[in-house]
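Hi,

Here is the structure I said I would pass on. Have a look at it first, and then read my notes below.

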Amino acid sequence: MPELPDLVHVERVLGERLIGRRVTAARTGDPTVLRMMIPGDFAAALVGQVVRSVERRGHFMRFGFDGDVLLVVNAMLVGKYRLLAPDEARPDKDRVALGFALVFDDAAELRYLDDKRMGKVYVARPADEAQIPVYNELGVDLLSPAFDRARFEQIAKGRRDQVRPFLMDKRALASIGNAYADEILFAARIHPKTFVRTLTEEDRDRLFGAINQVLRAAIDEIERRDAPADVKVRDFLSVRGRVGKPCPRCGTKIREVRVNDWDACFCPTCQPVTRSLFIDWSRIGPPPESAPAQAATAAAGKARPRRRTRRAGPG
Ligand SMILES: [Zn+2]
């Protein structure tokens with residue numbers, strides 16, 4: 001998805017271009033991405049409206065208009081915003097992926113494109129904003145002053161999941177996606193499958209520091225490049241999208257591991273396995289579903305970082 005650093009850039013670019021502009025035409029492509037929370041159709045709701053605000057909230061983008069209407073977009077995995085200048089060609093191939101298009105009084109056009117149709121576009125009254133799923137339950141915004149070390153401690157406390165899904169829980173932390181979850185864990189030198197409850201205070205310090213440092217450095221880099229709103233700048237990342245390539249820190253090949261339903265990229269040397277999960281159960285029987293915690297802890301004490309099972313080929 002466009003992730004937080006991408007969206008900070010999109011927010012600025014779209015805000016500078018669109019605030020104060022009046023919508024003169026509006027259309028939708030695939031209606032599966034559209035959720036009308038007000039009566040009437042998309043064009044009727046938006047034509048004639050002037051953009052008053054463009055604001056990122058977590059991983060959502062919120063467009064406020066002077067009339068009593070909002071457009072809130074959750075771009076999910078691949079949704080993107082294409083801003084066409086007044087004199088720019090209108091690529092017809094966009095039609096296949098078009099979620100919506102807004103044409104403005106200076107002939108600029110904003111298109112929301114979504115190849116996978118996983119994103120959602122909500123048209124709502126401000127009074128009904130809280131009914132938008134997930135949006136109303138977002139956790140602490142990671143760029144806000146409210147996200148400090150004490151708050152992070154509070155959020156991490158009692159978590160029973162692995163650290164990567166924890167980072168990606170939008171109801172806890174708003175918002176981290178796949179790419180920056182990997183980058184943050186690499187910076188903090190924590191294996192993606194580590195359970196949150198096994199992190200030491202020092203680990204949590206490093207993780208908190210890495211969230212701030214990685215996101216802010218990425219925002220600076222993306223802003224510095226100043227690419228068009230629909231271009232995701234990712235070539236500066238350390239581990240994400242670099243499987244098989246050398247770790248920029250130690251030279252070990254970057255690996256991929258499945259964590260819940262997602263593939264995580266990590267460096268096996270910089271982010272070593274440290275705990276019971278990595279015991280080779282094939283040698284000592286299936287994992288005891290209801291084994292007492294002490295047994296797992298005892299086993300963890302003996303477990304060494306597991307040597308990788310050799311796969312066919314040099315991969
Ligand atoms: Zn490394």
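Predicted model: local features only at pLDDT ≥ 70, side-chain atom pairs only at ≥ 80, totals over all residues.

(Strands are DSSP runs of E, at least two residues, and helices are runs of H or I, at least four residues, both numbered from the N terminus.) Strands β7 (residues 98-104) and β8 (residues 109-113) run antiparallel and are joined by five bridges; two strands count as paired if DSSP finds at least two bridges between them.

Residues are numbered from 1 along each chain as its sequence is written, and side-chain values use heavy atoms, with hydrogens and water left out.

Now the whole sheet: it is open, has four strands in the order β1-β7-β8-β6, and the pairing is antiparallel. β1 (23-28) and β6 (80-84) each have a single partner strand, so one side of each lacks a neighbour in the sheet.

Then there's the metal. What coordinates the zinc ion? The SG atoms of C247, C250, C267 and C270 do, at 2.2 to 2.4 Å (donors are N, O and S atoms within 2.8 Å of the metal, or 3.2 Å for Na, K and Ca; water is not among the atoms, so sites may look incomplete). Along the chain, the donors follow the spacing C-x2-C-x16-C-x2-C. Both C247 and C267 are buried, meaning under 20% relative accessible area with a 1.4 Å probe, protein chains only (exposed is over 50%, partly exposed in between).

Cheers
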